[in-house]
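Reader: Could you take me through this structure? I would like to begin with the overall picture and then turn to individual residues.

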Amino acid sequence: MLTSKWHTLNANCQKFNAAYKRAKRLGKSGENDVDYLKRAQSIYRDEHRGVAFSQEDAWAVLRFHPKWDAPEQVDLTGDVPGASQEDLFGHDARPRPPGKQRPAKKSKSDATASTGGSSASAQFGKLMEQELRLKREAAERAFEAQAEKDRTLMRLEELRFLATSTKDLDEDDAYWIKKQKKLIKNKMKNDLGDEDDEDEDE
């Protein structure tokens, strides 16, 4: 059952990794990993009849290993002439050698001692959790940086508007310009007041 699941996971992750690399090559200036992932999901869905890629957690771990870092899906049977994926990963139907006895069932103490598999699984889970946390933190930092950039641009626009002269305007236009300037000044006073309150708290 595990080999069957691994075979599917391996193939899907390689296909999605190829889609991600294409998405990254098509990237525009200012885009980040979150944008590349969205584009890669769209490419994968288009190439697989609307089916979305659902193993992103596993891909986030596997993508940094050389075997899964190929531009296209890798044929793992290349080093074994005449072998198929089924030969390498399918059910092992080979008969038991003559005279080889079936091993006895493990006792409880033996089963307790052989915890290597669960330990590896726990390590894999921790690594995957760490990868997801780092990805989420990177997305949050990118969002905050964009928000701060937008706030700065807005302040610059407001300052530029405050410098607008009403000398050559008619009374009606000058009235609305002055009214808007007053609103901007009040907003700036409130913002500065909030910042002063924060400084006092510190």
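**Burial, fold and surface**

Author: In this predicted model, 17% of the 202 residues in the protein chain are buried.

Reader: How many helices and strands are there in the protein chain?

Author: The protein chain has seven helices and zero strands. Along the sequence, the pattern reads α-α-α-α-α-α-α.

Reader: Let us take Asn12. Where is its place, and is the residue buried or exposed?

Author: Asn12 is in helix α1, which covers residues 2-25. Its relative accessible area is 16%, and because the limit for buried is under 20%, Asn12 counts as buried.

Reader: Which side chain does the Asn12 side chain join in a polar contact?

Author: That of Gln55; the polar contact between the two side chains is 3.2 Å.

Reader: Now the surface. Which residues make the nonpolar patch?

Author: Leu153, Leu156 and Leu159 make a nonpolar surface patch of about 280 Å². Leu153 belongs to helix α6, residues 116-162.

Reader: Why is Leu153 classed as partly exposed?

Author: Leu153 has a relative accessible area of 46%. Partly exposed lies between the buried limit of under 20% and the exposed limit of over 50%, so Leu153 falls into that class.

Reader: And which residues gather in the patch of negative charge?

Author: Asp170, Glu171, Asp172 and Asp173 gather there, on the surface. Glu171 lies in helix α7, residues 171-201.

Reader: Is Glu171 buried or exposed?

Author: Glu171 counts as exposed, because its relative accessibility is 74% and the cut-off for exposed is over 50%.

Methods
Residues numbered from 1 in each chain as written. Predicted model: local features only at pLDDT ≥ 70, side-chain atom pairs only at ≥ 80, totals over all residues. Heavy atoms only, no water. Patch = residues over 30% accessible without salt bridge, like charges linked within 9 Å, V, L, I, M, F, W, Y side chains within 5 Å. Areas by Shrake-Rupley, 256 points an atom, 1.4 Å probe, with all protein chains shown as cover. Salt bridge = Lys/Arg side-chain N within 4 Å of Asp/Glu carboxyl O. Helix = DSSP H or I, 4+ residues; strand = E, 2+ residues; numbered from the N terminus. Buried < 20%, exposed > 50% of the residue type's maximum accessible area, 1.4 Å probe, protein only. Lys, Arg positive; Asp, Glu negative; His and termini not counted. Charge placed at Lys NZ, Arg CZ, Asp CG, Glu CD. Polar contact = N/O pair within 3.5 Å; in protein donor to acceptor, adjacent residues only side chain to side chain.
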